[in-house]
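User: I am new to this structure and would like to be walked through some of its local features, one question at a time. Could you take me from the chain overall to single residues?

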Amino acid sequence: MLLLDLRKKILALGDNATLDNIILEANALETVGREMEGFSTPSCSSMQISNSVNKVFQDTSKFDCSCCGRKGHLPKDKSCPARNKDCLKCGRKGHFQICCRTKVNRKRNVGFNRYKNNKKPRTEETDYVFHIDDDCLVQCKIGNVPIELLIDSGSKSNLITGDSWEFLKENKVHVWNQIKNPEKCFVAYASNTPLTVLGAFDAEISIGDQTKRSTFYVIKNGSKNLLGKETAMALGVLKIGLEINSIEVFPKFKDVLIDIPIDKNIKPVCQPYRRIPIPLEAKVEKKINELIELDIIEPVNGPSRWVSPMVPILKQNGDIRICIDMRRANTAIIRENHPLPTMNGLLPHLRKAKLFSRLDIKNAFHQVEISPESREITTFITNKGLFRYKRLLFGISCAPELFQKIMERILMGLKGVISFIDDIVIFGSNETEHDNNLDATLKRLKENYVLLNSDKCAFKIKEITFLGHVLSSKGVRPLDNYIESIRTFRAPKTIEELQSFLGLINFIGKWIPHLATLTEPFRKLLRLKLSKTATIANYWTSAQKKCFLKLKDQLSLIRSLGYYDSEERTQVFADASPVGLGAVLVQINQEGSRIIAFGNKSLSDCEKRYCQTEKEALALVWAVEHFRIYLFGKTFELVTDHKPLEAIFGPNSKPCARIERWVLRLQSYKFKVVYKPGKNNIADPLSRLCIVNSEKTNFDSDEYVHSIVQFTCPVAISLNQIKECSKSDHEISKVKRGLYENVWDDCVKKFRMFENELCFYDNILLRGNKIVIPVQLRKAVLEAAHEGHPGIAAMKARLRTKVWWPNIDTEAEKIVKNCKGCTLVSAPNPPNPIKRREFPAGPWIDVATDFMGPLPNGYHLFVIVDYYSRYKEIKIMKTITAADTIRVLREVFSRLGNPVSITADNGKQFSCSEMRSFCSERAIILHHTIPYWPQQNGEVERQNKDILKRLKISHSLKKDWITELQNYLVMYNSTPHSTTGKTPAELFFNRQFRDKIPSLIGQDYRGLDGEVRDKDHMQKEIGKEYANKKRKAKENDLDRGDKVYVKNLIKHNKLTSDFGTVPYTVVNKKGGDIELENSENGERLRRNVVHLKRVEGEWQVCKSPNTKNIE
C-alpha cells in the first residue's frame, strides 16, 4: 500500500522529482503509516476513531449511506448520487436534505460565557490536520471582522488560534452556536498528541463576493488559522480533483419534455437588437455564458423566424438578470385551458388539517425542458448573436398552466398534498399523518429530480397562507389584506372623495339591504351643490359618521363579497392618487358584478415623485401581483382611467426604463388593458381614502433605473452636474411640466413624441435607458464622445447607448464633419456622375493620345486613338521628348490629316510651348486632362490595358513583341467594336481590312453613321448608369469661394494624412473639374472633386511659407 502511495507521489512531482524529494516523501509515508497504526485503539474514552483520514463517523443504523439514504454503498463513495449535490437545508455539498443533521439556532452574543448545556453534542471521531504549504494565505472576513487564513486542503475543519479568537471578540464578531470544550479531537501531522480545543462557533465567512456559514474550532496555543477544504471549496478558493473544469448543469424534471403550441396563422416577428449600456455588456456576456453552462440556453447558429429583444435587469447585489421581452411572441402562443386550483375545490380536503409544510421549487420553470421543435419562439438577440432557451422561461404566457399540469402529474396519487404553480403544501390531521405525507412527497419529488429552494421551505407549522387564504388548525379564512384596506378607510374630506366612495358603494348596492336609506345623509351633502374640491368638514355630523361606519362594515362583510370562480369573466380595477394605489377584483356572471377582493398601497416618498403616467402604470402592475393567485393562467381585463396605458402595455410599445421593467413582470399573465373614464373607476376611493401607512416601502426598487443612470452617465460629466443643469434647463423644465401636468409647450414638441418613454429619476430626465442631456452640457458630451475620433456611424452608435436629446444625430454628424483631423484622413468625396463625350461628327475629328512605358527594353509606345471609329495607331519610340513626339505626330498627320482636337495628359511633352505652337499652326485644339485623373481620357487608357495584355502574352511565349503588336493591330482594326458594333476600319476608312479570315468584298457602307451613332449612345448610357451606381456618384455642391483640403497624391510615409493641411479656395468649377487657388501664395491647382474635401465649420488659412506647387 505504501509503495503504491509512493508511486503516486513520484508521478505528482513530475519534472521536479529528485532523489532527495523521493526519499523525503518515502519517509513521510512511513511516518504516517506508523502513526495511523498507533491510533487503531481509542485514545479518548468518549470518542470513536477511524483509520480513514478526515472522515467523520456517522450513525449508519438507519441507512447504509448517511449522505443520500440509499443502500448498497458507503458515504463518499463515487457512486453516491449526493456526492456533488448541495444540501437544501444547510447549503453544504455532499449530502441530501433528508440526511442533513445541521440544526439552525438563533444568533447569540459573542463570548464563551454562554453555552448549550441542555444537550451534549454527538460524539465525532478524530480529524487529522495535514498542513503542507505556507503560501496559500487569503484575506477574508469572519463575522464581518477581517482576518487572514491559510488554505489547508488536508484539513476538513476550520481552525483558528486562541489569539485570533480574542482578536475577533475585541472586534465584536457576529457568531452563533457557541460550544465550550466540544467533543472534537484534532491531531496535527506527525504527532500523536491531540490538540486542545477550547471551543467551537458558527459564523459567516466571506471572501470577495462569496459568503458561507461555517463552523470554526478554537485551538489552544495554535500557530496558524486554517481554512478547511470543504469551506475553501464552497467559497471557490480551492479546487480539487480531475473534474475541476467540469460544469454541473441545472437539474431538470425527469422524463418531461414540453411542446409550446404555436398558432401558425400568426406571422413570425424578428425584432431588432435593443441596445444596452456598454458597461453592462461584460455582465450580460458573463450571464449568457453562465446560462449556457447550466444548460438553460443554447446559441442559435442559423436564421430564426422569431427573435425577441433582451432587457438586462440589475439586482441590488450588482448581479444581473436576463429578461426577454416576449410580448410579441406571446401573441402566437396558444394557451391551454388547464384549470388552476381554487379554494372552492380545495376546501373539502383541508377541513381536518392541523399541521402544514410548504415546499418551494427553486427556479421552477428552468427545471422544465422545452422540446427542440418549440425552442425557436424563445430566440432572443444580444450583442453576441442569437440564443434560445432550452428550458421553460418566465415570460411565456402559457408557462403557468403548463407547469401546473406537470406538477399535478408528478404529485398524482399522493395524500395530503396540494400545489399551485411552484408552491406545494403538505398537510395532515396529526403529526404522524403529516410526516408520512411529507416523506412521500419528498420521495416523489426526489424520484422526479425536482430541486427545492430550502430558503423558502417551511416545515411543521400550524398556520400557513395559500391561495389568498390562511390555512390553520382552526380552519380556512380569507387573507386579511384583501379586506383590510376597507377597514382603514378614513372619512371623505371633499365632495369629490364623497362621490368616489358612493360610486364604490353603488357598485355592490344590491348586496347591501336598504342602501337608499343608509346613504341618505351623504346625499344631503351632495344636494348642497358644492364644488368638487369644496371641504365638507363643516357639514360632517354624527349622522354622516354613523352612515360611513355602517357602510364600511357592509363593504368588509364576507357575505357582501363574492367567492372566486375561475370560469367567470374577471376584471381588475386599478387607480392611483397622489398618495396611494387602489385595486378591486371583480367577477361578472348572469346575476351581475361581484367584488371578490380589495387592495390598497400607500405610496412611498420616492413613488410620490413619479409622474401620473408612472403612478397609473404602477397601480396596474401592483394590482395584478396583489391578486396574482386569482389571475395566473386566466384571461382578464385591466381597467384604468388613464388612456395612455392602453398603448404603453401593448405588445409594440417602448416605454421608459421604469415602466419597461414593470411591463416585463406581467408577461406571464394574459390580459387586456381597458380604458374607462374616472367616474366609472371603483378603485378610486381605495387609492384616496385609505389611511396612509407609517411604513411606506417601494413596490419596486429603483435600483434598475439608478443603475441605468450610473452606467450611462458620461465619465467626463458627473451626475451632480447633470442634476444641477437639469434643474435650470428650460427644455427639461417644460418637459417635466408636460409629464406631470399634461401641459406641453410648443418648444418641446419633439419630446412629446416620446412621451411614453420619458421619466424622471432624481431630477434627471430619462428616455428609455438613456439620459437626456441638458442643453448646457451637450457640447461637452459631444466632445467627449468624439475622443478617439470615431466616424459618424460609430459616434452615433456610441451616443445612442447612453444619452439622447432631439437632433442628436445631426449634431453628431456636424461634430465629425467639423473635425479637421477626421477630415484630413477621411474618405474622399464621391465622384461626379459620368458625363459622356459627345460622339464626334466623323472620323479623325477628336483624337486621344498617351504614352505607355517605359517597357523593360527601354522603349515607349505612343498610342493614338480616334474617338469616332476607335481606330488606333501605335508608334514605338526610344525617346519621348517634345521634339520626338511632334515628329511622330507630323508623320501620322501627313497620312491621315490634321484632327480638330487632341486630348492628352499633363506630361511635359504635351504641356510645353513647342507642342502648343505645333497645334496652333495646324488649328488643332489641345485639351489637357485634370492632373491625377486619367479617367478623363478614358478611351486611350482602356486601349493601353489591351496593349499591355498582348505584350505580356508575347513575353510569356518568348515571341517577337513587335510582330505580335502588329498582329494585334490587324485583329483590332478588323474586329467589330463592343460599343459601335462596327470595325474601326469600316468607320475610319469606310472599308474593311482584309485579314486571314475569308470574307465577301464590296458591301454597301452607306447609312452606317446613323446606326453607329445610335448604338454608341445606347451603350454609353448603359455604362454610365452602372458606373454612377457602383461609384455612388453625385453632383458636388462646391461653389466658388469654398475652402477645401487637397488630397496628398504623393505620400512620403504611412503616417502622411490623406489630405494636406493647407486649405485652398475654389475659383472655378466645371462639373467635377475644379480650379483652386492658395490664398497665401497664389498657387493654382486643377483637381477632380474626388481629390478635395470641404473645410466644414470655422476655418482659417494656414500660413506655410514653404508651400510648393505639387501639380
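Analyst: What follows is a set of questions and answers about this model, which is a predicted one.

User: How many helices and strands does the protein chain have, and what share of its 1111 residues is buried?

Analyst: The secondary structure of the protein chain comprises 35 helices and 43 strands. Where contacts link residues at least 6 apart in sequence, 68% of them join residues at least 24 apart. Of the 1111 residues in the chain, the buried share is 47%.

User: Which peptide bond is cis, and where does its proline lie?

Analyst: The proline concerned, Pro-854, sits in the loop that runs between strand 34 (846–852) and strand 35 (860–866). The omega angle is about 5° for the cis bond, which joins Gly-853 and Pro-854.

User: Is Asn-144 buried or exposed, given its positive phi?

Analyst: Asn-144 is not a glycine, yet its phi is positive, at about 70°. The residue is placed in the loop between strand 3 (137–142) and strand 4 (145–151). Because exposed means over 50% relative accessible area, and Asn-144 has 60%, this residue counts as exposed.

User: What class of accessibility does His-789 have, and in which loop is it placed?

Analyst: His-789 also has a positive phi, about 55°, although it is not a glycine. Its relative accessibility is 48%, so His-789 counts as partly exposed. The loop that holds His-789 is the one between helix 25 (775–785) and helix 26 (792–800).

User: How do helix 25 and helix 26 pack, and how many nonpolar residues does their contact have?

Analyst: The axes of helix 25 and helix 26 are 10 Å apart, and the two helices pack at an angle of about 120°. That angle makes helix 25 oblique to helix 26, and their crossing is right-handed. On the side of helix 25 the contact is made by Val-781, Leu-782, Ala-784 and Ala-785, while helix 26 contributes Met-795, Arg-798 and Leu-799. Sorted by class, the contact of helix 25 with helix 26 has no polar residues and 1 charged residue, and its nonpolar residues number 6.

User: Why are helix 26 and helix 27 called oblique to each other, and how many charged residues are in their contact?

Analyst: Helix 26 and helix 27 (residues 808–818) pack at an angle of about 135°, with 9 Å between their axes; because roughly antiparallel is kept for angles over 145 degrees, the two helices are therefore oblique. Their crossing is right-handed. From helix 26, Ile-792, Met-795, Lys-796, Leu-799 and Arg-800 take part, and they meet residues of helix 27 including Ile-808, Asp-809, Ala-812 and Glu-813. The contact of helix 26 with helix 27 holds 7 nonpolar residues and no polar ones, and the charged residues number 5.

User: Where does Glu-431 lie, and which residues is it in contact with beyond its neighbours within four places in sequence?

Analyst: Glu-431 lies in helix 9 (residues 431–447), and at 45% relative accessibility it counts as partly exposed. From Glu-431 to Lys-354 the C-alpha distance is 8.3 Å, while 77 residues part them in sequence. With its neighbours within four places in sequence set aside, Glu-431 is in contact with Leu-355 and Lys-460.

User: How many disulfides are there, and is Cys-611 buried or exposed?

Analyst: A disulfide is a covalent bond between the sulfur atoms of two cysteines. With a cut-off of 2.5 Å between cysteine sulfur atoms, the count of disulfides comes to 0. Cys-611, at 3% relative accessibility, counts as buried.

Notes
Residues numbered from 1 in each chain as written. Predicted model: local features only at pLDDT ≥ 70, side-chain atom pairs only at ≥ 80, totals over all residues. Heavy atoms only, no water. Buried < 20%, exposed > 50% of the residue type's maximum accessible area, 1.4 Å probe, protein only. Axes fitted to C-alpha atoms, helices over the stretch in contact; angles between N-to-C directions. Parallel < 35°, antiparallel > 145°, perpendicular 65-115°, else oblique. Left-handed = near helix turned anticlockwise from the far one by under 90°. Contact = heavy atoms within 4.5 Å. Nonpolar A, V, L, I, M, F, W, Y, C, P; charged D, E, K, R; others polar.
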